Number of protein chains: 2
Amino acid sequence: MSSGSNTPVAGKTARIVISVDAMGGDKGPAAVVAGISDSIRRLPDLDIILHGDESVLRPLLGSEPALAARVALRHSAGVVTMEDKPAQVMRHGQDTSMWAAINSVRDGEAAAAVSCGNTGALMAVSMLRLRKLPGINRPAIACLWPSRNPGGFNVMLDVGADVKADPSDLLQYAVMGAAYAANGLSIPRPRVGLLNVGTEDHKGRAGLKEANEILAAQATTGGFTHVGFIEGGDIPGSSVDVIVTDGFTGNVALKTGEGTAKLVTDRLREAFTTGVVAKFAALLAMRSLKRFQHRIDPRRANGGVFLGLKGTVVKSHGGSDATGIAAAIGLAHRLAVTGLTDRIAARLASIEAAGQDSRSGAPGEDAGTGSVSSV
Amino acid sequence: MSSGSNTPVAGKTARIVISVDAMGGDKGPAAVVAGISDSIRRLPDLDIILHGDESVLRPLLGSEPALAARVALRHSAGVVTMEDKPAQVMRHGQDTSMWAAINSVRDGEAAAAVSCGNTGALMAVSMLRLRKLPGINRPAIACLWPSRNPGGFNVMLDVGADVKADPSDLLQYAVMGAAYAANGLSIPRPRVGLLNVGTEDHKGRAGLKEANEILAAQATTGGFTHVGFIEGGDIPGSSVDVIVTDGFTGNVALKTGEGTAKLVTDRLREAFTTGVVAKFAALLAMRSLKRFQHRIDPRRANGGVFLGLKGTVVKSHGGSDATGIAAAIGLAHRLAVTGLTDRIAARLASIEAAGQDSRSGAPGEDAGTGSVSSV
């Protein structure tokens with residue numbers, strides 16, 4: 001992976017360059033530029049390559065002089081919409097800002113890319129342009145989940161790159177998720193659990209028992225501690241750092257958790273806006289409520305990371321506002337600085353060398369064949 | 001199903017008799033008796049047959065004279081523990097309170113059974129003693145989920161009877177879940193959604209597309225409105241009343257939702273116990289906070305119902321306290337009064353008659369063969 005030595009602004013060294021797709025999010029380019037503005041203030045070594053419609057972006061950038069020195073604008077005429085099919089975008093999306101944002105990583109001028117566009121299309125373009133790391137069968141999308149662990153977050157994958165996962169895929173998810181937790185959350189030796197419907201050995205679907213044995217055998221080589229089967233209630237808990245599952249189950253769990261947290265906080269808001277005493281109490285408890293909201297704010301955990309590709313891509317939520325986009329850029333920056341892709345590649349090579357029985361395949365052999373089934 | 005015309009107490013008519021397993025819950029028989037005591041005060045037509053160790057139960061009942069007239073005590077020497085394997089209990093569990101509680105339904109002396117014991121064993125004994133309804137392939141466990149709908153709850157199934165489900169099983173879940181929502185939540189024509197990772201037709205696992213088409217074709221005969229694919233975020237929403245999925249996905253979603261709701265409310269509690277002002281505000285907002293807690297109290301939704309058997313069985317949470325057990329008894333009472341089993345049997349017969357291509361099988365053919373894989 002590029003270490004970010006290339007920069008759009010001359011005369012600076014050891015800069016981290018992140019490529020950002022300005023288009024395709026629900027809140028439009030203004031939210032993206034506001035998020036960039038936040039990020040640049042917080043991260044002095046950050047530079048941005050911004051891809052999108054110049055006639056829209058130039059005025060947004062123009063109003064903030066501080067941005068001009070740190071953001072290189074690149075014009076793209078096309079935009080990938082939420083309705084576009086991944087296969088269409090792979091064939092005809094060359095002029096889009098999403099394509100150009102990924103190309104900046106491929107060409108080594110950016111260390112990572114961020115987009116809040118269509119997830120399926122972003123995964124398809126990323127696989128086509130960046131290609132899979134050697135030995136990887138199915139790339140995965142990893143998310144951060146608010147948890148009871150000291151760092152405040154757990155990692156879960158796959159949350160939607162592919163609806164299926166074989167035992168050997170689940171081992172690769174464990175290795176990649178552990179590398180992500182090590183670099184993204186500073187956990188030296190992450191604890192990995194395999195999601196199931198019970199913790200006893202005989203429980204669950206065909207294939208999970210085999211996967212559990214493979215993970216136990218490869219944990220040391222893979223750079224993680226294997227804790228065995230875990231249940232849905234452990235996802236926000238403190239017994240594991242990384243939750244491994246197939247993309248169908250992971251996607252359902254992620255959306256169920258988000259929906260449930262939203263229901264609970266909405267009910268809380270209703271409780272505090274009914275009646276004069278409650279409203280006064282809410283005013284008094286404003287600081288506590290704000291601290292509470294901050295701790296469970298889903299925007300802080302914004303950013304699904306695509307793992308298993310030759311380059312880092314962060315998918316920001318489609319409805320991200322400036323806070324969410326700044327979180328996604330901050331995550332991309334951190335993963336670039338810590339060399340996530342290199343770490344994953346090295347761990348996967350160790351697993352291969354340890355004689356793991358995997359379907360290796362030529363690097364990136366499936367890219368461009370329409371095998372992408374991002375959800 | 002028995003309409004509850006038999007009663008343990010002579011001289012009363014039109015009574016509803018519920019059979020309760022007093023043993024096997026984490027909080028012991030005292031919590032069960034306290035829950036019964038609550039239920040009997042609220043439901044004047046309710047009588048109880050209580051199964052368990054007489055030497056333990058007699059003193060608990062003795063301290064409440066009001067109970068003596070409405071509770072018939074039946075001694076069982078054995079107890080099913082949380083560690084017992086379902087297959088063991090099926091072979092050697094004849095002397096247990098769980099077995100006896102199910103037998104009361106089988107023999108027609110109770111209209112429904114309630115237990116907070118081992119789920120796998122309870123499903124195994126229920127299948128063995130009650131047998132499956134004609135045409136049913138896999139019985140299911142249905143749960144209530146706090147939601148934005150006017151009634152405050154949605155129904156989800158299967159949440160753990162079987163890790164697998166074919167398209168024809170998912171149709172049976174839709175029919176059974178709709179009958180449960182009609183009788184348990186008074187929704188005349190429930191809206192049924194099929195859980196997936198996206199709402200577009202091409203999304204998801206093999207089999208889900210076929211299931212979606214079968215549900216659409218059979219909705220009228222099955223007594224429900226089919227809304228197509230839904231996502232995890234819709235489970236606590238207002239767009240459906242019944243969520244249909246396989247027992248693996250449903251179990252993970254249920255436990256993820258419970259764990260997430262618990263994390264959010266714990267964080268809220270922390271926010272209100274840090275600092276003097278926050279504590280004072282919490283005191284002031286006590287009523288609002290209590291209303292909030294009540295609305296999201298998981299004990300109110302206590303009771304996984306086994307569907308697809310010749311009789312109603314309600315599985316109360318293993319850790320249920322008196323409030324939770326009273327909720328489970330209240331649910332069993334309501335389902336008995338409204339004739340849930342008869343309604344399900346009638347709907348399934350209509351589906352069969354409509355020429356649905358299902359693997360019918362002889363009624364109950366698999367019971368007792370160890371095919372139970374409750375999670």
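Select helices H8(A) and H13(A): their crossing is right-handed (a crossing is right-handed if the near helix is turned clockwise from the far one by less than a right angle, and left-handed if anticlockwise). The contact is made by Gln218(A), Thr220(A), Thr221(A) and Gly222(A) of H8(A) and by Arg347(A), Ser350(A) and Ile351(A) of H13(A), where contact means heavy atoms within 4.5 Å. By class, this contact of H8(A) with H13(A) has one nonpolar, five polar and one charged residues. Ala, Val, Leu, Ile, Met, Phe, Trp, Tyr, Cys and Pro count as nonpolar, Asp, Glu, Lys and Arg as charged, and the others, Gly among them, as polar. H8 covers residues 208-222 and H13 residues 340-353 of chain A; their axes come within 9 Å and cross at roughly 130°. Axes are lines fitted to C-alpha atoms, for helices over the stretch in contact, and angles run from 0 to 180 degrees between N-to-C directions. The angle makes H8(A) oblique to H13(A); under 35 degrees counts as roughly parallel, over 145 as roughly antiparallel, 65 to 115 as roughly perpendicular and the rest as oblique. Helices (H or I, at least four residues) and strands (E, at least two) are DSSP runs, numbered from the N terminus.

The model is predicted: local features need pLDDT of at least 70, side-chain atom pairs count only at pLDDT 80 or more, and totals for chains, interfaces and linings use all residues. Residues are numbered from 1 along each chain as its sequence is written, chains are lettered from A and ligands numbered from 1 in the order in which they are written, and side-chain values use heavy atoms, with hydrogens and water left out.

Next, select helix H1 (residues 28-42) and helix H12 (residues 322-337) of chain A, which pack at an angle of about 50° with their axes 7 Å apart. That angle makes H1(A) oblique to H12(A). The crossing of H1(A) and H12(A) is right-handed. On the H12(A) side the contact is made by Ala322(A), Ile325(A), Ala326(A) and Ile329(A), and the H1(A) side includes Asp38(A) and Arg42(A). By class, the contact of H1(A) with H12(A) has eight nonpolar, two polar and two charged residues.

Stay in chain A and select Leu157(A) and Asp158(A), which are joined by a cis peptide bond with omega about -5°. Asp158(A) is in the loop between strand E6 (153-157) and helix H7 (167-185). Now select Ser186(A), whose phi is near 55°, a positive value in a residue other than glycine. Ser186(A) sits in the loop between H7 and strand E7 (191-195) of chain A. Most residues other than glycine have a negative phi, and most peptide bonds are trans.

Move to chain B. The peptide bond from Leu157(B) to Asp158(B) is cis, with omega near -5°. Then select H7(B) and H13(B), which pack at an angle of about 145° with their axes 9 Å apart. Their crossing is right-handed. Among the residues that meet are Leu171(B) and Tyr180(B) in H7(B), and Leu340(B) and Ile344(B) in H13(B). The contact of H7(B) with H13(B) divides into 10 nonpolar, two polar and two charged residues.

Which residues line the largest cavity? Select Leu133(B), Val305(B), Phe306(B), Leu307(B), Gly308(B), Leu309(B), Gly311(B), Thr312(B), Leu340(B), Thr341(B) and Ile344(B). By class, this lining has seven nonpolar, four polar and no charged residues. Strand E10 (304-307) and helix H13 (340-353) of chain B each supply at least two residues of the lining. A cavity is a set of points on a 1 Å grid over the protein atoms alone where a 1.4 Å probe fits but cannot get out, and lining residues have an atom within 4 Å of a point.

Terms used: 1 Å grid on protein atoms, 1.4 Å probe; cavity = no way out; pocket = protein on both sides within 12 Å on 5 of 7 lines; lining within 4 Å.
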